[in-house]
Amino acid sequence: MKKMILVGRSECGKTTLRQALKGKEIRYEKTQYVNHYDVVIDTPGEYAETKGLARALALYSYEADVVALLINATEPYSLYPPCITPVANRPCIGVVTQIDDSGADVEQAVSWLELAGCDTIFRVSSYTGEGIWEILDYLKDEGDILPWDKKSEAEKPRNVISTKMM
């Protein structure tokens, strides 16, 4: 399976997406430092939001096969400048999270990721499972065994133990 680094601002859903991709229960966890999990590198949002720390994301991206730029569908603005993807010498995908939120503007988030330079964009809800299979299928290499055998299993609603809002 291709190794993916998750990049995005705080609370955009990076850690929740990681949990959903692995089939784990959704549990609020604040990412304090760069975490390596099998095929996912989970990064703190502060790295993307702070000029001095952003350089570290470029270095960590060299350990991945794919850079995933995340933006949540309720964002009032994009963190990413236009044409930023050439900075990474890896394929860059876009991931729009929280598409099931009542205030979501999915098409606006998609257009921001397109402007940033992402050609492949996934729309996901880590809670409902929508879009999870497509990301797994994209990352899958020949011979890989996924956490699920079927799309219907991957896209079942997750057991949410805790969120920040609770």
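Q: On a 1 Å grid over the protein atoms alone, a cavity is a set of points where a 1.4 Å probe fits but cannot get out; how many cavities of 30 Å³ or more does the structure hold?
A: This is a predicted model in which local features need pLDDT of at least 70 and side-chain atom pairs pLDDT 80 or more, while totals for chains, interfaces and linings use all residues. Residues are numbered from 1 along each chain as its sequence is written, and side-chain values use heavy atoms, without hydrogens and water. Of cavities at or above 30 Å³, the structure holds one.

Q: Which residues line the largest cavity?
A: The largest cavity has a volume of about 40 Å³, taken as the space filled by probe spheres set on grid points joined across faces, edges and corners. Its lining residues, which have an atom within 4 Å of a point, are Arg9, Cys12, Leu70, Ile71, Asn72, Glu75, Tyr77 and Leu79.

Q: Is Thr15 buried or exposed?
A: Thr15 lies in helix α1, which spans residues 14-21. Because its relative accessible area is 10%, and the cut-off is under 20% with a 1.4 Å probe and protein chains only, Thr15 is buried.

Q: With which side chain does the side chain of Thr15 make a polar contact?
A: Leaving aside residues up to four places away in sequence, Thr15 touches Glu29, Thr31 and Asp42, where contact means heavy atoms within 4.5 Å. A polar contact is a pair of N or O atoms within 3.5 Å, one able to donate a hydrogen and the other to accept it. At 2.6 Å, the side chain that makes this polar contact with Thr15 is that of Asp42.

Definitions and conventions: Helices (H or I, at least four residues) and strands (E, at least two) are DSSP runs, numbered from the N terminus. Buried means under 20% relative accessible area, exposed over 50%, partly exposed in between (1.4 Å probe, protein chains only). On a 1 Å grid over the protein atoms alone, a cavity is a set of points where a 1.4 Å probe fits but cannot get out, and a pocket is an open set with protein on both sides within 12 Å along at least five of seven lines; lining residues have an atom within 4 Å of a point.
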